[in-house]
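Colleague: Could you take a close look at the aromatic ring pairs for me? Walk me through whatever you find there.

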Amino acid sequence: MDKKQQKNSKNNKLGTAKIGKLLVEFSVPAIAGMVLTSFYNLIDTAFLGQAFPDGSGVAVTTLALPIMLLLIGFTMLPGQGGNALAAILLGEGDHKRVEQCLGNSFILLIIFSGIIALIGYFGIDFILLIIGTREELWEGTKIFVQIQCYGFFLLAVGMGMNNFIRTAGAPKIALLTNVVSVIVCIILNWLFVLELNMGVGGSGLATILGQGAGAILVFCYFVFSKKSAFKLKITGLVPDAKLMGRILLMGLASFAMNLASTIICIVFNWVVGYYGAQSILGAQGALASIGVSQKVATFAFMPLIGVAMGAQPIIGYNYGAENWTRVIRALRLSVTTGVAIGTFFLVVCYLFPHQIVQLFGIAGDLEEFSATTLMVYITFFPLVGFHAVGGTYFQSSGQPIKSAILELTRQVIFLIPMYLIIPELLLSLGVIQDGLIAVILCPPAADFFSSLLTICFVVIEGRKLKLKAKKQKKDWMKKNLGKSQS
């Protein structure tokens with residue numbers, strides 16, 4: 001076995017090993033990684049909820065959530081986009097181009113980091129207005145958001161470059177970097193918030209430093225590890241505008257998903273604040289109680305993204321190698337897994353709603369409303385499992401526009417109009433007396449309709465793949481039959 005074969009040995013199994021075994025190997029660390037990643041805002045919420053019993057700490061993290069989601073989106077744009085392209089290039093056997101893809105993705109992350117830091121300094125007041133920050137929560141939210149913007153580079157490397165580790169054939173190392181990050185974040189939140197009483201600033205700092213710990217490990221893996229299938233080299237850091245454009249296009253669906261989540265959270269903050277101010281909960285109480293349900297639903301969505309991320313290199317590699325039968329098997333198994341995980345979270349949230357909201361310091365009058373909201377939010381999560389994995393297939397197979405459309409349906413095309421129209425409509429018709437009731441009905445309705453659309457897209461694509469597989473088998477038999485006759 002020559003040097004090139006040794007480098008590619010870990011990746012060749014993507015085209016030969018059993019699909020089920022590969023999906024477990026790649027998805028389990030990815031699921032754990034996404035769950036751990038989503039822990040950042042949950043950890044902040046939990047510690048600040050304990051430190052500020054009036055709900056102000058939870059309200060700050062609710063207001064800051066859209067910004068944190070948007071920042072994650074900017075890591076996924078070059079991170080997942082570059083990783084999806086790298087998987088296809090590996091399937092084509094172009095190892096040199098893979099390292100150029102890694103290097104140019106790193107450059108894009110650096111560029112984004114500088115831009116975001118500047119926006120965090122000069123545009124912070126505008127950002128706070130956009131996300132619906134109320135006067136009593138202004139200063140705390142400002143401190144928290146600015147810390148996230150200034151430290152974005154650590155998140156960019158720790159999360160964005162982490163995607164490539166799985167395609168390099170080391171999903172367990174990818175998971176390890178996330179585990180270290182979350183452990184550091186928990187320890188520092190305990191120290192800064194509960195012991196040193198540093199408030200929201202301490203929580204924000206703990207989050208960034210935790211991400212920094214993971215970033216160091218990711219960087220060292222691609223620079224110093226001898227086991228990496230491809231490395232971050234000087235030659236790969238030469239800017240290639242055409243390659244960067246392709247990377248960004250491939251990452252468009254992932255970015256669209258997070259951008260959509262950001263927009264939804266902003267609309268959510270405004271709508272909940274507006275109707276909350278008219279209810280007995282008040283704006284701060286509504287942001288805290290419904291915000292907890294929103295965060296738990298977001299957390300439950302992360303494992304579904306983990307399945308999609310785990311399936312991505314498998315689908316991408318075999319799609320690039322034109323192994324259609326394996327592409328079909330990977331798609332079918334990953335979608336089934338997504339539905340199963342969505343069902344699991346539905347059962348858990350229906351069995352233990354009160355216990356879940358209590359973890360975030362929600363008690364008294366807010367507890368019953370929060371528990372009910374949580375159960376409503378999670379209603380169609382089995383279908384959401386299909387939507388999340390099915391939509392990502394199109395990104396993995398080099399069809400980013402279709403993937404972006406599907407992601408936008410759930411978060412933007414359906415949910416935003418529902419938030420803006422349904423509460424007022426139901427109030428004017430006299431169906432409800434509290435606008436907050438209508439607000440919590442909108443997310444499950446959007447989940448239902450977007451999932452149905454995804455099912456249609458995937459069924460059509462599945463038929464195309466079956467035709468390709470059938471033709472490929474027919475051509476193979478014709479070719480081999482001709483050889484045997486000659």
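Modeller: F380, F414, F448 and F449 are joined into a cluster by ring pairs; a pair here means Phe, Tyr or Trp rings (six-membered ring for Trp) with centres within 6.5 Å, called stacked if the planes are under 30 degrees apart, edge-to-face if over 60, and tilted otherwise. Keep in mind that this is a predicted model, where local features need pLDDT of at least 70 and side-chain atom pairs count only at pLDDT 80 or more, while totals for chains, interfaces and linings use all residues. Numbering runs from 1 along each chain as its sequence is written, and side-chain values use heavy atoms, with hydrogens and water left out.

By that ring rule there are 14 aromatic pairs. Take Y274 and Y275: their ring centres sit 4.9 Å apart with the planes at 80 degrees, so this one is edge-to-face. Y275 is buried at 6% relative accessible area, whereas Y274 is partly exposed at 46% (buried is under 20%, exposed over 50%, partly exposed in between, with a 1.4 Å probe and protein chains only).
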